[in-house]
Amino acid sequence: MNKQQLCKRYGIHLGLTMFAAMLLLPILTPYLLAQGFVVSQIAIAMVIMSAVIIVSEVPSGALADHFGRRRLFCCSLIFALLTNLLLLVATDFITLLIAVSCWGLNQATLSGTLNAWFVERFKEAEGEQTLNQGFASAYGLAYGIGASSAVLSALFLAFGNQLGLSTLQMYQLIFIVSSIGFVLLLPLTFHWVKEVKTPSEHSFKQALNHHVGTTIKTVRQPALAKLLIALVIVIPVSASIEKFWPIFVHQLEQVDMDAVAWLFPAVMAATFALNGVAAVLSAKLCTLLNQKLGQAMAVAHLLKLVALVAMALAPGLSWFVAALLLFFLCFGLTQPAQLQLQHQLCDNSVRATIESLGSLTTRMGGMLGAALTGALLNLVSLPVSWLLLGALSLLGIVLLFSPSLNQPEQPEDKETTAEAAPTDVSV
């Protein structure tokens, strides 16, 4: 299997995973409200979910490195299925908390698993593509499939009442279809993702000590440390806009939220489609900048700030939505370069752990963005708070221009890599 074939197969697999998940995301909050939960209970549940992710993110990456990436990914599918089934029957707060805890475990065990597997297979496959081009190809296809899921969910909710279904029944049917998708992904994963775990010569305790030492040594590299710090600084503004833009729409139009309810799944679908376009454009940007990945990320974040200013100055809904979609497009430009940077700064033995650490850093930046926005709203308006967070992100952008983040990837000695890897992956 060459690089192009691998990217296509991985993109389809990743896209089907997104498809099953994206059926639910636009309807989760209204579904919980329809089930009788109040906003304060939903907010507490989301905090619990975030806490579970933060606690289990990096340990799950270590488990993926030690026991196999496919096994942890299959665990994530099982947690997703449990989440769906529990939410279908959740009428009390305790069941809701158990469900969102499973959701947090799903997100934690998902990050860093198959991406690590993909990187190892990509380096072994024949072809001339760079890793960021490989991620761009796979994610471009995946986001297209994920966008179609959000569109189908929105269309079903718009016209499902013609089938004689209540809104709650339509929500429940979407949950069932999503659950079927996760079930079907289990055998597909075993068929497409071939991974044979090599027996360890050391005890688990010895292996764990070695793994922790290698992870610390990897994170202490100046380049990786700068990348993680930059992520914490540039993510808050994006997280704030992602969480609070519906509130700004309400303020802008001064209409009831139900009157523009169609806009939210539509924007989510458009965002996923634009992420697919952004992934392809990102690879071209990296090539234009001679594979200086930090600079590619910095340029994308600077373009994002231009879109942010347009959003803050928006005189009406159409202008704002156009600027919002441009913002998400620019943010999507950063992903392939970021993923390649993370993976070229670590070896196979801690690859999933480092990606989980990157994911955790992003989530921490998201929590920081929400907290800072909440504090700033006591002093300034929502668009002004976004501009202030955008100004803060300039510090992270400066870090991305560091020479250590703009070095070409060094050619690998395949024999050395094979000796260092804990798994033998083959298709």
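Where is asparagine 290 found? I located asparagine 290 in the loop between α11 and α12; helices here are DSSP runs (H or I, at least four residues), numbered from the N terminus.

**Basis.** I note that this is a predicted model, in which local features need pLDDT of at least 70 and side-chain atom pairs count only at pLDDT 80 or more, while totals for chains, interfaces and linings use all residues. Residues are numbered from 1 along each chain as its sequence is written, and side-chain values use heavy atoms, without hydrogens and water.

**Loop.** I read a positive phi of about 60 degrees for asparagine 290, which is not a glycine. Glutamine 291, found in the loop between α11 and α12, also has a positive phi, near 60 degrees. Is each of the two buried or exposed? I looked up burial (buried means under 20% relative accessible area, exposed over 50%, partly exposed in between, with a 1.4 Å probe and protein chains only). Asparagine 290 is exposed at 61%, whereas glutamine 291 is buried at 18%.

**Cores.** I then examined the largest nonpolar core, which has 49 residues. Such a core is a set of buried Ala, Val, Leu, Ile, Met, Phe, Trp, Tyr and Cys residues joined through side-chain atoms within 4.5 Å. Helix α10 gives the largest share, 15 residues. Leu324 is among the residues with the most contacts inside this core. Leaving aside neighbours within four places in sequence, I found leucine 324 in contact (heavy atoms within 4.5 Å) with Ile241, Trp245, Val267 and Met311. A second, separate core of 32 residues includes Cys7, Leu14, Val119 and Ala138.

**Aromatic rings.** I counted ten aromatic pairs in the whole structure. Rings of Phe, Tyr and Trp (its six-membered ring) pair if their centres lie within 6.5 Å; planes under 30 degrees apart count as stacked, over 60 as edge-to-face and the rest as tilted. Which kind of pair do tyrosine 10 and phenylalanine 118 form? Their centres are 4.7 Å apart and their planes at 15 degrees, so this pair is stacked. The pair links distant parts of the chain, since tyrosine 10 lies in α1 (residues 3-22) and phenylalanine 118 in α6 (residues 114-124), 108 residues apart. Both residues are buried.

I recorded phenylalanine 135 and tyrosine 139 as a tilted pair, with 6.0 Å between centres and 55 degrees between planes. Both lie in helix α7 (residues 131-159), four residues apart, about one turn of the helix. Phenylalanine 135 is buried at 0% relative accessible area, and tyrosine 139 is buried at 7%.

Conventions
Helices (H or I, at least four residues) and strands (E, at least two) are DSSP runs, numbered from the N terminus.
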